[in-house]
Amino acid sequence: MAAVSPKKIILFEEDWDYFPNAIPHWETTNKSWRDLAIMYRREFGVRNAAFFLALTTPALRNVDPHDPNLTQEQMMLVAYECYVNPWYFFREVVRIPPKAGDNSVPFEANRGNISQLWGFFTGTDWFQVQIRQTGKSMTMLAIFCYLLYIRSRSVEMIQLTKDGEARAKTVRDVRDLRDRIPAYLWTLSINDSTNKEEVTYKRFKNILSVKIPRSDKKQATNIGRGLT
């Protein structure tokens, strides 16, 4: 397969040029992603409407990354695609805990979370107002999962939460999402954290520290001290 710049992601129309084999993944079984791309094109006239359907490895067009019978080569292709193409990870690999029952569900695309992901990966300063229970928090948890276990190397992230209970839930939820992606995509070390304040992935030297507010101004200022 052709080497690509790890800094490039298909976000703008011209970004397709960096991935000469890339295609829109219209065959995806995640119907919400296909429907949203069609809506962007037909109702809003967006020319680059299928950017989040990008698939840089066409051989994966009809491959289920959760299939327990994948070949070693297919696993390697999935791992590569996840690394270079976060859209594939969110569209095909992430599984969300269901509101009821035991079966995980795919990550559903909507105008809110796709814009949230686009803003994040373009490095845009943004804020978002979105009604409750429509995926804001789950999108951020999925981003943490992607950065920790797939994309980043030697990175420390900080998430601020309102209290200790929310901190423990954030840590628990990130680990839960991790456990729902195929096991061949991650390998834990005995040195990886099991506490309720952080999530680590020693293999790639990544850490997510979850912080809570401080009533003292100096302590609050020091929460992110030493980080850029």
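User: Before we look at pockets, how are residues sorted by type?

Analyst: Ala, Val, Leu, Ile, Met, Phe, Trp, Tyr, Cys and Pro count as nonpolar, Asp, Glu, Lys and Arg as charged, and the others, Gly among them, as polar. Here, the lining of the second largest pocket splits into ten nonpolar, one polar and two charged residues. Bear in mind that this is a predicted model, where local features need pLDDT of at least 70, side-chain atom pairs count only at pLDDT 80 or more, and totals for chains, interfaces and linings use all residues. Residues are numbered from 1 along each chain as its sequence is written, and side-chain values use heavy atoms, leaving out hydrogens and water.

User: Where does isoleucine 96 sit, and is it buried or exposed?

Analyst: Buried means under 20% relative accessible area, exposed over 50%, partly exposed in between (1.4 Å probe, protein chains only). Isoleucine 96 counts as buried because its relative accessibility is 11%. You'll find isoleucine 96 in strand β3 (residues 95-96); strands (E, at least two residues) and helices (H or I, at least four) are DSSP runs, numbered from the N terminus.

User: What is isoleucine 96 in contact with?

Analyst: Contact means heavy atoms within 4.5 Å. Skipping neighbours within four places in sequence, isoleucine 96 has contacts with Ser104, Val105, Pro106, Phe107, Met138 and Leu177.
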